[in-house]
Amino acid sequence: GTQATKIIKIPKEHKQQRKMSTQFKMTATPVLKQKSIAIFLSQGALGDCARHCILHAMHNKQVCKIKVISTASSLSTLNGDWWHCACGIDHGRQLKLSANAYKIEKIVVDNFTDPKAMDVIDLSDIDAVVSGLGNRQICYGSRYAKKGTENIIRLMERSNVTRLVMMSSMGVESMLGNDKPCLEWREEGKFMEFLANTICRREYNDLAGAENSVSRSNLNFVVVRAVGLGEKVSPAGECFVQRKKFDDVVGADVAKTDVGRFLLAEAIEPTIERQAIVLGSRPEYAYKAFDEPHLADVLRSRNVTCFLRSKVKDANSSPATVA
């Protein structure tokens with residue numbers, strides 16, 4: 001199979017306008033309910049997706065407040081000109097000079113794993129939470145997804161916030177389902193499983209533990225198991241969900257900003273509930289060269305043979321704009 005579920009986000013006002021045109025009624029467009037979101041950051045590719053979610057939220061008319069919560073070192077990365085992406089924009093300058101920067105409130109947390117340190121965070125005015133904690137990169141980033149997520153869940157339950165959109169990784173097996181081997185249509189998937197069982201065992205266990213913690217909660221969550229998040233992947237304005245493992249494929253690399261847009265869309269207008277999904281790019285790109293940061297270098301250094309077939313045929317999918 002070569003199909004993947006198209007993720008199409010149509011703003012409510014557009015739906016209403018289309019309905020009005022059909023019925024030939026001249027009525028005012030309804031005012032969208034304003035939403036406040038909290039975004040938890042860490043360093044690494046998963047956190048990069050949450051960083052891009054901040055930008056999309058800042059420019060979204062439906063979002064009125066954004067609480068960005070992280071350690072001082074992670075928050076300082078928001079000032080950088082390059083967010084490990086191929087957007088071709090100085091995001092730090094974009095964030096600083098935007099007329100919508102007033103929406104953002106930065107909150108410093110000394111330690112995500114310390115319940116007392118987290119207790120200072122007030123989520124009582126928040127409608128949804130986006131979590132970019134955790135990391136899957138070798139010798140880089142943080143390892144507090146499990147304990148940090150447990151504290152986030154506790155804060156959300158204390159403030160009666162029910163919607164959580166959480167970053168995770170392809171290849172994770174948890175109470176939410178088994179994605180082993182990841183990228184089952186490619187040889188790299190087997191190698192990534194080897195990494196998860198050896199030098200990346202700590203990273204893997206941290207993410208799997210976070211997924212299990214979410215599964216045991218009463219929250220309305222979606223766990224986003226992203227495929228490759230290459231720094232050279234250009235934004236496409238679309239992303240795809242793998243509908244059924246071993247039957248369907250998705251592109252093995254997806255732009256971080258496209259994932260960030262998806263995170264925001266699911267935070268303010270949920271369509272996927274209490275599931276873990278594999279998110280990638282267009283199915284036709286399922287066999288393109290892999291560009292996950294650091295992993296490509298590891299593959300080359302280990303002389304791992306990658307069987308890259310020609311692009312998928314008969315993938316009758318169309319662009320799925322995430323807006």
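Predicted model: local features only at pLDDT ≥ 70, side-chain atom pairs only at ≥ 80, totals over all residues.
**Exercise 1. State which parts of the chain the salt bridge between R158 and D119 links.**

Step 1. The side chains of R158 and D119 meet in a salt bridge of 3.4 Å, N to O.

Step 2. R158 is in helix α6 (residues 145–158), while D119 is in the loop between α5 (115–118) and β5 (128–131). They are 39 residues apart, and the pair links distant parts of the chain.

Step 3. Read the accessibility. R158 is partly exposed at 46%. D119 is partly exposed at 34%.

**Exercise 2. Locate D179 and K245, and say what the charged end of K245 sits over.**

Step 1. D179 forms a salt bridge with K245, and their closest N and O atoms are 2.8 Å apart.

Step 2. D179 lies in the loop between β8 (177–178) and α7 (188–197). K245 lies in the loop between β10 (240–241) and α9 (256–268). The two are 66 residues apart.

Step 3. D179 is buried at 4% relative accessibility. K245 is buried at 18%.

Step 4. Turn to the ring. The charged end of K245 sits over the ring of F246, 5.2 Å from its centre.

**Exercise 3. Work out why the ring pair of F112 and Y144 counts as tilted, and which parts it ties together.**

Step 1. The structure has 3 aromatic pairs. In the pair of F112 and Y144, the ring centres are 5.1 Å apart and the planes meet at 50°.

Step 2. Planes under 30 degrees apart count as stacked, over 60 as edge-to-face and the rest as tilted. The planes of F112 and Y144 are at 50°, so the pair is tilted.

Step 3. F112 lies in the loop between β4 (104–108) and α5, and Y144 in the loop between β5 and α6, so the pair ties together parts 32 residues apart in sequence.

Step 4. F112 is buried at 1% relative accessibility. Y144 is buried at 14%.

Step 5. Ring pairs link F40, F112 and Y144 into a cluster.

Note on methods
Residues numbered from 1 in each chain as written. Heavy atoms only, no water. Salt bridge = Lys/Arg side-chain N within 4 Å of Asp/Glu carboxyl O. Helix = DSSP H or I, 4+ residues; strand = E, 2+ residues; numbered from the N terminus. Buried < 20%, exposed > 50% of the residue type's maximum accessible area, 1.4 Å probe, protein only. Phe/Tyr/Trp six-rings, centres within 6.5 Å; stacked < 30°, edge-to-face > 60°. Lys NZ or Arg CZ within 6 Å of the ring centre and 35° of its normal.
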